[in-house]
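Trainee: I would like to learn how to read a model of this kind, one feature at a time. Could we begin with the strands and then go on to what lies inside?

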Amino acid sequence: MCGIVAISGKEDVAGRLVGGLKRLEYRGYDSAGIATVAGAGIARSRASGKIVNLEARLKNAPLEGRTGIAHTRWATHGAPNETNAHPHLSGKVAIVHNGIIENYRELREELEAKGRVFESETDSEVIAQLIDAYMAEGQDPVEAFASALTHFEGAFAIAAVFADDPGLVIGARKGSPLVLGYGEGEMYFGSDAIALAPLTREVTYLEEGDWAVIRPDSFDIRNARGDRVNRPRVTSAVNDALIERGAYDHFMLKEIHEQSESIARSVTPYIHQATQTVRVPESAEALFAGADRMVAIACGTAYYAAFTAKYWFEQIARLAFEPDIASEFRYRRPVLPVSGPSLFVSQSGETADTLAALRYCRENRTPAIAVVNVPESSIAREAASIVPTHAGPEIGVASTKAFTAQLSVLAMLALSAAKARGHLLPGDEQKYVRSLLALPRKITEALEAQADVREIARHIANKRDVLFLGRGRYYPLALEGALKLKEVSYIHAEGYAAGELKHGPIALIEKGLPVVVVAPKDELFEKTISNVEEVRARGAEVILISDDAGIKAAGKRADHVIRLPDGDELSLPILAAVPLQLLAYYVAVTRGTDVDQPRNLAKSVTVE
């Protein structure tokens with residue numbers, strides 16, 4: 001989880017840049033660096049490892065300059081070494097970057113064909129190279145930055161400085177957050193308000209697609225079209241806590257919006273960028289090839305992540321996969337796989353029932369794979385293999401970004417199992433990897449339905465019951481949608497397999513009952529639409545969550561529709577989580593419940 005700090009100031013900035021980086025250490029990183037602009041041009045200092053290594057470099061070779069950028073890098077493209085550390089320098093521009101430039105290989109090849117030489121393995125260096133290329137053609141820094149932005153696909157936050165304009169810093173965001181800060185005769189950029197807290201509490205949270213030009217005594221914010229815009233200036237409530245809500249009303253909404261970044265962090269460590277192939281830890285991959293079956297153990301939302309993964313493991317890897325609830329599994333004395341692994345999914349890594357189930361498997365010599373968000377946790381320490389999710393701290397009790405991070409990592413594991421077992425056809429691995437790499441961008445697209453979801457939530461907020469339906473890989477999503485709604489809104493909600501409707505649940509249907517149907521267009525779509533007809537005939541109010549093809553095929557058979565981006569069998573269940581989370585959130589807000597700390601619930605269940 002990379003971090004950015006930038007200062008356009010009135011006194012030397014190196015020490016304060018390093019101080020800002022220290023406040024971002026909680027994000028996790030493996031290298032750090034700064035660049036400053038002084039009379040001799042751009043100077044930079046970088047070091048692999050912790051910030052203390054960078055401080056040692058700067059003690060021996062201080063950097064002067066009143067303008068600068070700083071970065072903590074968490075390696076995705078290229079090894080965690082000094083060469084790949086940020087800032088990246090090309091000619092008269094230096095940049096720092098969070099996120100993923102999805103089309104960096106095409107851009108790099110075009111630039112190399114024009115004679116440009118790259119020094120790193122990263123996707124980020126193309127940003128500096130492209131801006132510098134436009135400047136070499138005669139554009140000024142602002143024009144060159146704007147021209148380069150039009151070429152980048154993916155999610156990013158960027159800050160850039162320029163050798164020939166010492167007071168200038170330009171920043172941009174798309175899918176990754178970036179904050180603009182106001183000082184006295186100084187201006188700042190930061191990944192969040194925490195980084196800027198020692199410098200200022202007056203900030204603007206740039207909106208999706210915004211970019212901004214700052215100097216010590218001025219700022220200019222523009223939207224994605226290049227139009228000058230005004231964004232709210234607020235006083236941040238940052239204290240010594242590591243996390244704050246920023247411009248969002250609740251942590252839950254903030255964490256829903258952070259999912260493009262958290263998924264990027266969770267997917268990219270398990271992808272070999274050069275070959276677009278899967279590379280999960282060998283300790284996990286080695287357990288798949290000769291496996292007869294797998295068991296997957298979790299609680300709550302993590303269980304629904306494991307349940308979703310069942311469809312991927314069985315349909316893509318052809319490996320029998322049995323998800324189970326930890327509190328049931330641990331007391332049943334279950335029959336374990338003869339030659340396959342057990343899989344444990346937990347956000348905290350400390351869930352009591354899940355940990356007890358892991359110990360049962362260890363006692364019976366069944367190797368355990370841990371998918372957790374805290375690598376130092378008990379479940380991680382006791383598992384044979386750990387595959388972290390890298391979702392980052394999640395403050396809201398109702399899990400959002402941790403859930404989609406779990407799904408993303410489980411998708412990677414399913415592909416690894418398919419590869420180990422010889423069930424990936426030529427080209428399929430790269431196809432699936434590209435689909436997962438596109439998730440950050442598509443999550444941002446899925447969030448565009450927010451206004452529609454808010455309006456639909458008004459129809460649900462005064463209801464007593466809500467029904468969720470799904471088939472196949474969308475059945476666990478129906479269960480998760482029901483759980484999320486009941487967690488934060490206190491409305492009674494149930495999720496069912498759509499094919500089970502006539503086996504009892506249809507008795508619940510009455511006039512005005514909201515029925516949320518998760519049904520992107522797939523091989524089971526028409527069967528699900530038959531269920532839609534059945535509930536509509538009995539007066540239900542149908543909310544359909546689907547892609548463009550599904551919405552078109554459904555016609556007027558839904559009362560409300562929520563659009564999903566296009567995707568495949570791996571990406572669409574992950575994307576479908578977003579509107580379900582938004583729906584639960586806005587229903588809860590409308591009802592006035594405590595969204596972030598619902599009654600009777602705790603974030604981590606460490607007791608039975």
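Trainee: Which residue in β12 does V169 stand opposite?

Mentor: This is a predicted model, in which local features need pLDDT of at least 70 and side-chain atom pairs count only at pLDDT 80 or more, while totals for chains, interfaces and linings use all residues. Residues are numbered from 1 along each chain as its sequence is written, and side-chain values use heavy atoms, with hydrogens and water left out. Helices (H or I, at least four residues) and strands (E, at least two) are DSSP runs numbered from the N terminus, and two strands pair if DSSP finds at least two bridges between them. In this case V169 stands opposite I214 in β12, and four bridges join strand β8 (residues 169-174) to β12, the two running antiparallel.

Trainee: How many residues connect β12 to β13 in the hairpin?

Mentor: The hairpin passes from β12 to β13 through two residues. Five bridges join β12 to strand β13 (residues 218-222), again antiparallel, and W211 has R222 of β13 as its bridge partner.

Trainee: What is the order of the strands in the open sheet of five?

Mentor: The order is β18-β17-β19-β20-β21, and the pairing is parallel. At the edges are β18 (320-325) and β21 (385-386), each of which pairs on one side only. Strand β17 (residues 293-298) is joined to β18 by six bridges, and A298 finds its partner, I325, in β18.

Trainee: How should I read a nonpolar core, and which residues touch the most other members of the largest one?

Mentor: A nonpolar core is a set of buried Ala, Val, Leu, Ile, Met, Phe, Trp, Tyr and Cys residues joined through side-chain atoms within 4.5 Å. The largest here holds 96 residues, and those touching the most other members are W312, F313, L343, L410, L413, L436 and F468. Helix α21 (residues 571-591) supplies the largest share of this core, 14 residues. Apart from it lies another core, of 30 residues, which includes I101, L130, I170 and W211.

Trainee: Which residues is F313 in contact with, leaving aside its neighbours within four places in sequence?

Mentor: Contact means heavy atoms within 4.5 Å, and on that basis F313 meets F288, M294, R318, L319, F321, L410, L413, A414 and A417.

Trainee: Why is helix α8 described as largely enclosed?

Mentor: Helix α8 (residues 259-267) is largely enclosed by the rest of the structure because nine of its nine residues are buried. Among them are Q259, E261, I263 and R265.

Trainee: How many cavities of 30 Å³ or more are there?

Mentor: On a 1 Å grid over the protein atoms alone, a cavity is a set of points where a 1.4 Å probe fits but cannot get out, and its lining residues have an atom within 4 Å of a point. Grid points are joined across faces, edges and corners, and a volume is the space filled by probe spheres set on the points. The count comes to two, and the largest cavity has a volume of about 210 Å³. Its lining has 22 residues, of which C2, W74, T76, N98 and G99 lie nearest its centre, and the elements giving two or more residues to this lining are β6 (93-101) and α8. The second largest cavity, of about 30 Å³, has R471, Y474 and F525 among the residues that line it.

Trainee: What should I look for in the backbone itself?

Mentor: Most residues other than glycine have a negative phi, and most peptide bonds are trans. Here a cis peptide bond, with omega about 0 degrees, joins H86 and P87, and P87 is found in the loop between β4 (67-73) and β5 (88-90). R333, which is not a glycine, has a positive phi of about 50 degrees; R333 belongs to the loop between α11 (326-329) and β19 (342-346), and at 71% relative accessibility R333 counts as exposed.

Trainee: Where is Y490 placed?

Mentor: Y490 is in the loop between α18 (475-489) and β23 (492-497). Its phi is positive too, near 70 degrees, and at 25% relative accessibility Y490 counts as partly exposed.

Notes: Buried means under 20% relative accessible area, exposed over 50%, partly exposed in between (1.4 Å probe, protein chains only). On a 1 Å grid over the protein atoms alone, a cavity is a set of points where a 1.4 Å probe fits but cannot get out, and a pocket is an open set with protein on both sides within 12 Å along at least five of seven lines; lining residues have an atom within 4 Å of a point.
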